[in-house]
Amino acid sequence: MTYEPNLLRTPGGATPSAAGPAALRRANLSLVLRELRDHESLSRADIADATGLHRATVSNLMAELLERRLVREVGVEHVGAIGRPRRAVALHGAHVGALGLEINVDYIAVHGTDLSGRVLVERRVAFDTMGSGTDRAVRRLGLVAKEAAEAMERARAVPAGVAVAVPGLVDVARGVVTLAPNLYWHDLPLADELTSMLRPLDVPVRVDNDANLSALAEFTSGVAAGTPDLVYLTGEVGVGGGIISGGRLLCGADGYSGEVGHLRVDPNGDQCGCGRVGCWETKVGLAALVRAAMPEQAYGLPGMPVPDPDERVADIARGLSSGDRRMTQAVAQVGQWLGLGGSILANLFNPRVIVIGGYFASLAQWLLPHAQDQLNRLVVAGSGAQCRFVASTLGFGAASRGAASMVVDQIIADPTSILDSLPRPAVH
Ligand SMILES: [Zn+2]
């Protein structure tokens with residue numbers, strides 16, 4: 001299976017040399033749609049200039065895209081004061097749906113859009129994934145997906161693809177969750193199971209890591225949207241990362257890249273949930289912060305109920321606001337470790353921005369000064385690297401939003417996959 005998660009910023013035109021007519025048509029349609037995705041509206045001449053395609057070719061492609069309603073005319077654009085009026089077109093596809101889902105420890109999130117990114121469905125369902133067992137959890141996820149697909153169809157957009165974000169290692173090519181320790185999942189063929197649950201809807205189902213998809217959401221619609229070199233960090237009990245490099249999501253050979261929580265930062269440190277010692281998440285994960293800030297409520301104490309992580313973070317934020325010394329010290333320490341790990345990522349990937357999500361974002365005002373100081377000290381390129389931490393504003397919905405965005409990317413990378421199956425609109 002080919003896997004092209006993000007072709008948004010690929011420069012240059014189609015490569016006709018090695019392509020037959022079908023591949024060439026696919027590549028050219030994709031080029032035109034990508035150009036339109038990056039701009040609100042463009043004239044045919046703009047598209048020809050930007051893509052290097054002949055104007056006649058653009059007109060031809062446009063006729064097909066208009067007929068299939070993937071683009072629409074948006075009226076007349078006047079270029080300059082005395083310029084000739086030009087008809088502009090914009091990405092449309094209101095009848096083509098992209099369904100993104102996220103399953104996490106205690107919720108399932110849904111984000112469904114049309115091809116232009118218009119939101120059609122968005123919801124979060126509380127669900128105890130951890131305590132439910134694999135079969136029940138997958139059934140519930142299938143049900144939520146089905147309901148969302150039906151809601152999208154009621155909004156007249158038939159899902160053309162589904163993507164699911166999972167907090168764990170995912171064999172992306174096979175759609176298998178290799179290991180999601182916090183869900184107790186291993187070697188779960190999630191893409192196949194969801195595909196059969198969604199029938200009669202017959203669409204490709206992708207599975208990917210939640211931090212990778214959140215990174216994609218940050219790149220397409222977050223606080224640093226459009227920044228082509230960006231690292232996203234998710235701060236929960238575990239710490240994950242997603243890396244956008246040169247405008248593309250970095251996947252690695254098997255889709256396992258971004259496991260930054262298990263960078264070894266302290267050989268004499270504590271044991272990590274992964275079995276190794278001194279991983280970064282043992283320093284900056286929520287469990288580490290709680291242990292230092294409110295040790296009486298530390299994770300894993302015998303006889304303690306597991307409180308809501310949001311409540312713990314809110315408790316800590318209250319303590320910090322009132323100047324609690326122990327909490328202030330704990331957050332300073334976590335902030336420094338955050339900066340140290342961030343400097344490793346900055347040295348590796350030279351990102352312009354490190355976007356922090358999860359609890360990192362909730363406590364950003366206290367964490368960031370320490371993290372940024374440490375980063376500035378430790379990055380080899382020094383301040384020349386110009387890398388700054390910023391807090392995500394996407395909240396819990398980041399991964400499902402990124403999942404929907406990935407579906408859109410995939411449709412744009414190969415529009416013929418849906419064009420050939422879309423019914424031609426009836427002629428009135
Ligand atoms: Zn580890």
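A residue counts as buried when its relative accessible area is under 20%, as exposed when that area is over 50%, and as partly exposed in between, using a 1.4 Å probe and protein chains only. Keep that in mind for this tour of a predicted model, where local features need pLDDT of at least 70, side-chain atom pairs count only at pLDDT 80 or more, and totals for chains, interfaces and linings use all residues. Residues are numbered from 1 along each chain as its sequence is written, and side-chain values use heavy atoms, leaving out hydrogens and water.

**Stop 1: the zinc ion**

Select the zinc ion with H262, C272, C274 and C279. The ion is coordinated by H262 through ND1 and by C272, C274 and C279 through SG, at 2.0 to 2.3 Å. Donors here are N, O and S atoms within 2.8 Å of the metal (3.2 Å for Na, K and Ca); water is not among the atoms, so sites may look incomplete. Along the chain, the donors follow the spacing H-x9-C-x1-C-x4-C.

Now click on C272: at 6% relative accessibility, C272 is buried. H262, at 28%, is partly exposed.

What arrangement do the four donor atoms around the zinc ion make? Their angles run from 107 to 117°, which makes it tetrahedral (for four donors, all angles must lie between 85 and 135 degrees).

**Stop 2: the open sheet**

Next, colour the strands β6-β5-β4-β7-β11, the order of an open five-stranded sheet with mixed pairing. Strands (E, at least two residues) and helices (H or I, at least four) are DSSP runs, numbered from the N terminus. Two strands pair if DSSP finds at least two bridges between them.

Look at the edges: β6 (119–126) and β11 (205–209) each have a single partner strand, so one side of each lacks a neighbour in the sheet. Zoom in on β7 (residues 158–166), which pairs with β11 in the parallel sense over five bridges. There, V162 stands opposite V205 in β11.

Then show helix α7 (residues 210–221), which packs on the sheet and touches β4, β7 and β11. Contact means heavy atoms within 4.5 Å.

**Stop 3: two single residues**

Select S405 in helix α14 (residues 398–413). Is S405 buried or exposed? At 8% relative accessibility, S405 counts as buried. Leaving aside neighbours within four places in sequence, S405 is in contact with R37, L216 and T220.

Finish at A381, in the loop between α13 (364–378) and β16 (388–391). A381 is exposed, at 52% relative accessibility. The C-alpha atoms of A381 and A346 are separated by 9.2 Å, and these residues are 35 apart along the chain.

Methods: Axes are lines fitted to C-alpha atoms, for helices over the stretch in contact, and angles run from 0 to 180 degrees between N-to-C directions. Four donors count as tetrahedral if all angles lie between 85 and 135 degrees; four count as square planar and six as octahedral if opposite donors are over 155 degrees apart and all others between 65 and 115; anything else is irregular.
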